[in-house]
Amino acid sequence: MLTSVDRLLFVRRVPIFKELRDDFIVRLASVMNELSFPSNHAIFRQGEEGRSLYIVVSGRVKVHIGDKKLAEVDKGKYFGEMAVFDTQPRSASATTLEPCDCLELTQEQLYDAIEETPEIAVNIIRELSRLIRRLNENINVGTSQSH
């Protein structure tokens, strides 16, 4: 079991939450579920309906499409965040590489928190915009090199 301070520190490391005031972070952290998974466990599969994001507290998780590894997520990092914002099927699978402890934030928990604290939504929008800009820059760099 994590202490409330540990929870706060883990939630604070997620970029979409890092600029929030401590009381907002405490509010989010307090409602998150603590989950433990064995090694080689499918946390979710591509195509499934998903409504949660996960923060890795210990262990490592691979995000993959079939056998193609997209990312490896370790302590303090997060995955599955797109499902919290839309209700589309999971775009990839997530499988533990070793025993893992995670914090889970469901869409419902996040929406309840946003209702109480609209600034959370503004932060999320800002962070998603940054991500889109980075992806656009990467695409532009990639296309300019191929000419």
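The model is predicted, so local features need pLDDT of at least 70 and side-chain atom pairs count only at pLDDT 80 or more, while totals for chains, interfaces and linings use all residues. Residues are numbered from 1 along each chain as its sequence is written, and side-chain values use heavy atoms, with hydrogens and water left out.

An open sheet of four strands runs in the order E1-E8-E3-E6 with antiparallel pairing; strands (E, at least two residues) and helices (H or I, at least four) are DSSP runs numbered from the N terminus, and two strands pair if DSSP finds at least two bridges between them. Strand E1 (33–37) and strand E6 (78–79) stand at the edges with a single partner strand each, so one side of each is left without a neighbour in the sheet. E1 pairs with strand E8 (residues 100–106) in the antiparallel sense over five bridges, and Asn-33 stands opposite Glu-104 in E8. Helix H1 (residues 4–12) packs on this sheet and touches E1, strand E3 (52–58) and E8, its direction making about 120° with that of E3. Contact here means heavy atoms within 4.5 Å, and axes are lines fitted to C-alpha atoms, for helices over the stretch in contact, with angles from 0 to 180 degrees between N-to-C directions.

H1 also packs with helix H2 (residues 22–31), at an angle of about 105° and with the axes 9 Å apart. The two helices are therefore roughly perpendicular to each other, a term that covers angles of 65 to 115 degrees. Arg-7, Leu-8, Val-11 and Arg-12 of H1 make the contact with Asp-22, Ile-25, Val-26, Ala-29 and Ser-30 of H2.

Two of these residues, Asp-22 and Arg-12, meet through their side chains in a salt bridge (2.2 Å, N to O), which is defined as a side-chain nitrogen of Lys or Arg within 4 Å of a carboxyl oxygen of Asp or Glu. Asp-22 is partly exposed, with a relative accessible area of 45%, as is Arg-12 at 22%; buried means under 20%, exposed over 50%, and partly exposed in between (1.4 Å probe, protein chains only).

A search of the whole structure finds nine salt bridges. Among them, Glu-127 and Arg-130 meet at 2.8 Å, N to O, both lying in helix H5 (residues 119–145), three residues apart, about one turn of the helix. Here Glu-127 is buried at 8%, whereas Arg-130 is partly exposed at 32%.

Notes:
Parallel < 35°, antiparallel > 145°, perpendicular 65-115°, else oblique.
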